[in-house]
Amino acid sequence: MNRLRNIKSLLIIPLLLVLAGCEDFLSTEPDSTRATINSPQKVSQLLATAYPQASYVLFAESMSDNVADKGTGEDDKTNRFSFLFEEVEATVDEQDSPDQYWAECYRAISVANEALDIISKVPDPQQYSAQRGEALVARAYAHFMLVNFFSQFFDATQTNPSPGVPYVTVPEKVVLKQYDRRTVDFVYSMIEKDLLEGLPLIADGSYTVPKYHFNRAAANAFASRFYLVKRDYAKVVQYANAAFPGESIRDNLRPWNTTYESLSPQELYNTYSRASQNANLLLAETSSTYGRYVAQYRYGMNFRKWQEVSQGEGIIGGNASWAYPLYTQGDNNYLIPKLNEYFVRESVNAEIGFPYVMVPLFTAEEVLFNRIEANAYLNNTNAAIADLNLFASKRVSNYNPSTHVITSRGITNFFGGNLRSGIVNTVLLFKRVEFVQEGMRWFDIQRYAIPVQHQTSSGQVISVPAGDPRRVLQIPQSATLAGIEQNTR
């Protein structure tokens, strides 16, 4: 098979620079004055900003095994320090940095807490039940992301006494309030409490554009991710099925080998992160230049890495080839057009503004992968393999159901060992190629304690095994003013 046939030269990809955000209300700060937030609709408007408007994609992808040192390219310090597993020397104002992500998560949490406080004091709180549900799930999500990046990763097989992150449940009323980190176990228990309390309250009809809020499908997708980390596989299947009842997930997967295959790079950029795409369950508007430099970062995907990332197609019968379109921006700079940059004016009449990237936080594909992995551990082998074939049917070029088949024999021949571990490894490979350049690989590396080895262009080898403290992001220096101790190194 000639893998080069799918690589297309893309020396210049014009960025899509629109003069407004994804929707008008996302580009406009809601009036947070309590006196004017006096209806469920206005609380919903407030909650539109209860999501981190910063991106984890750059530092998560740069720490993963999806990237190599190309020797030359865009020298971004978050990209560089993350690849080298050194502390990122940045501030909360620097786009795509861990410090900015930390600050934005806690800003989102503060919005959720403000909404919950308002709801607790209205005379008719039942009318605000949907808004309460969204606020609780949004608060749980931001804490979940924080604890997974800035603390030792949760291990379901043991207690987790290492320091977590402050779980904030009330609005801040004083400057520089002091916080305790508690433990990772405590943080997870609080996430679960908020998630289980909030999820049943969510009502999609309360949103103008459900994909910019925790709608029912997205909240169930979050629950399936949460319980996958906790290794409660029966609940993973339960919530995955709740996100897509019956066979509905089939029609919600991205059409890579049909509709997408005929799109130009700019059309893909204009399509991938849109709310109109069924696969996107929750989208976040993030302050980021990642879309501008994704192919050009020095520490990024070269062709050798693409070969490694895409090797899962060998599990599929019929000499299958992935339909993902691979492009280049100059020598050795590879990308799949996904996350595009757009421009948001600082104000309606301003000539200046900031670059943003719309990031899919939860997708139908992740829900499918979660269900496959859980069914493998539950010994529901037939269901797991059926879902693997469903995924392949949307991803293989010129798909032929009679030849492009994933079988138990094909899995064990590819990996060796037992079928259960083979199915899990198949999922991990399929997820790796599906979410390449989206930062998702890092979560699987942490969940399975996969060692990471980065080699610089000068030959230095950086080995970061499971349990290495460098796999945990450093608490921002600014947070120490609130009494939060930094991670040990």
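Q: Are Tyr188 and Phe226 buried or exposed?
A: This is a predicted model in which local features need pLDDT of at least 70 and side-chain atom pairs count only at pLDDT 80 or more, while totals for chains, interfaces and linings use all residues. Residues are numbered from 1 along each chain as its sequence is written, and side-chain values use heavy atoms, with hydrogens and water left out. Taking buried as under 20% relative accessible area, exposed as over 50% and partly exposed as in between, with a 1.4 Å probe and protein chains only, both Tyr188 and Phe226 are buried.

Q: What is the angle between the planes of Tyr141 and Phe222?
A: Rings of Phe, Tyr and Trp (its six-membered ring) pair if their centres lie within 6.5 Å, with planes under 30 degrees apart counted as stacked, over 60 as edge-to-face and the rest as tilted. The structure holds 40 aromatic pairs. Tyr141 and Phe222 form one that is edge-to-face, at 5.8 Å centre to centre, and the angle between their planes is 85°.

Q: Which backbone oxygen does the side chain of Lys211 reach?
A: Lys211 is buried yet has no salt bridge, a term for a side-chain nitrogen of Lys or Arg within 4 Å of a carboxyl oxygen of Asp or Glu. The nearest side chain of opposite charge (Lys and Arg count as positive, Asp and Glu as negative, with His and the chain ends not counted) is Asp204, 9.5 Å away. At 3.0 Å, the side chain of Lys211 reaches the backbone oxygen of Ala275.

Key. Polar contact = N/O pair within 3.5 Å; in protein donor to acceptor, adjacent residues only side chain to side chain.
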